[in-house]
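Dear colleague,

Please find below the structure that I am handing over to you. My findings follow directly after it, and I would be grateful if you read them with the model open.

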Amino acid sequence: MIESDKIWIDGNLIDYAEAKVHVLTHGLHYGTGVFEGIRSYKTAEGITIFRLDDHIRRLFNSGKAYFMKFEYSFDELKKATVKVVRANRLDECYIRIIAFYGYGKLGVNPLPNKVSIAISAWKWTEHIKKEDMEQGIHIMVSSWEKVGIRSMPTHAKGVANYANSALARMEALKSGFDEAIMLNSNGFVVEASAENIFFVKGGILYTPPISTGALEGITRDTVIEIAKQHGINICYDNISRDELYYFDEIFLTGTASEIVPVGFIDHRVIGDGGIGPITREIQQHFENIVRGKNHEKRNWLTIIQ
Ligand SMILES: Cc1ncc(COP(=O)(O)O)c(C=O)c1O
């Protein structure tokens, strides 16, 4: 992680090194926080933040599940996000907004504590190797079940949900894989530890419905819009573990990863093993959108410079 200069916390821009919380912060002990991961891109019109409104909307929805009262409005948080990117003189960056129950009363009930909001941004560095983008990554089906829709609010991008993701990711990495796929209690595919998942068979695009417990990913929605714009049929279907092995193409989607082809699942080759034609086409359309070259989707870009 590349250090930046300033972090916004509760209305103030402060020095990066000063952005600290008390060790008795509620969110630290009980996972009572919600967050967003957002990206900015260089376009012909300057630096833009991708789907900022949608990210902030999801942050408010996540907070609602946890009875969080934000002291800042939608527009104030939007402005603050832009301010952070500008203050750090960043172009391509990753932006992290976190809202969490703070310090005051430490017990399971977070409600007596103030909700703090912090916005950070740092220089973006690619984390997926070029060859993986061509050959596809290796993933495994995790032995950890995805946290269920009756256990946690899975529409919320809640900090606590990520303990489940972290267990799956660590298991995958320690087993020599790049990423983990998680199944729900019915045995259906939900998503990867930090990405949604898509499959292709016979030219049709498939993705698990949100009711499986998958996060309503903003990149997922972008891919669905791309499919609609370009006449690719999309089907929301429950997929069982072994069905995974028989798709022509599989790819993962997320703000950080964008569109990542999957080459192998549980050591079984997917399709021909490399990036497939539909995945490549969707990647290209996605790139056009985030770079401001798709005029119909220009309203997804917040121009900051
Ligand atoms: C569990 C999980 N699913 C899906 C996604 C993809 O969501 P988005 O495209 O909004 O980044 C993420 C991204 O952080 C995630 O953590």
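Beyond its neighbours within four places in sequence, Arg58 is in contact with Glu36, Lys157, Leu215, Glu216, Gly217 and Ile218. Please bear in mind that this is a predicted model. Arg58 itself belongs to helix α2, which covers residues 52–65. Is Arg58 buried or exposed? Its relative accessible area is 9%, and because the limit for a buried residue is under 20%, Arg58 counts as buried.

Which residues are the closest to the ligand? They are Lys157, Tyr162, Glu191, Thr219 and Thr255, out of 15 residues that surround it.

- For Lys157, an N or O atom of the side chain is 2.5 Å from a ligand oxygen.
- For Tyr162, a polar side-chain atom lies 2.4 Å from a ligand oxygen.
- For Thr255, an N or O atom of the side chain is 2.6 Å from a ligand oxygen.

On its own, the ligand has 390 Å² of accessible area, and the protein covers 93% of this.

I turn next to the aromatic rings. A pair of such rings is described by two values, the distance of the centres and the angle of the planes. How many aromatic pairs are there? The count comes to 13. One of them joins Tyr206 and Phe247, with 5.8 Å from centre to centre and 55 degrees between the planes, and this pair is tilted. Tyr206 lies in strand β11 (residues 204–207), whereas Phe247 lies in the loop between β12 (234–236) and β13 (249–254), so the pair ties together parts that are 41 residues apart in sequence. Both partners are buried: Tyr206 has a relative accessibility of 16%, and Phe247 has one of 5%.

Ring pairs also link Tyr41, Phe50, Phe286 and Trp300 into a cluster. What sits over the ring of Trp300? The charged end of Arg51 does so, 3.9 Å from the ring centre. The charged end of Lys297 also sits over this ring, at 4.8 Å from its centre.

Yours sincerely,
A colleague

Terms used
Residues are numbered from 1 along each chain as its sequence is written. This is a predicted model: local features need pLDDT of at least 70, side-chain atom pairs count only at pLDDT 80 or more; totals for chains, interfaces and linings use all residues. Side-chain values use heavy atoms; hydrogens and water are left out. Rings of Phe, Tyr and Trp (its six-membered ring) pair if their centres lie within 6.5 Å; planes under 30 degrees apart count as stacked, over 60 as edge-to-face and the rest as tilted. Helices (H or I, at least four residues) and strands (E, at least two) are DSSP runs, numbered from the N terminus. Buried means under 20% relative accessible area, exposed over 50%, partly exposed in between (1.4 Å probe, protein chains only). A charge sits over a ring if NZ of Lys or CZ of Arg is within 6 Å of the ring centre and within 35 degrees of the ring normal. A residue is near a molecule or strand if one of its heavy atoms lies within 4 Å of it. A polar contact is a pair of N or O atoms within 3.5 Å; within protein, one must be able to donate a hydrogen and the other to accept it, and residues adjacent in sequence count only if both atoms are side-chain atoms. Accessible areas come from the Shrake-Rupley method with a 1.4 Å probe; for residues, only the protein chains shown count as cover. Contact means heavy atoms within 4.5 Å.
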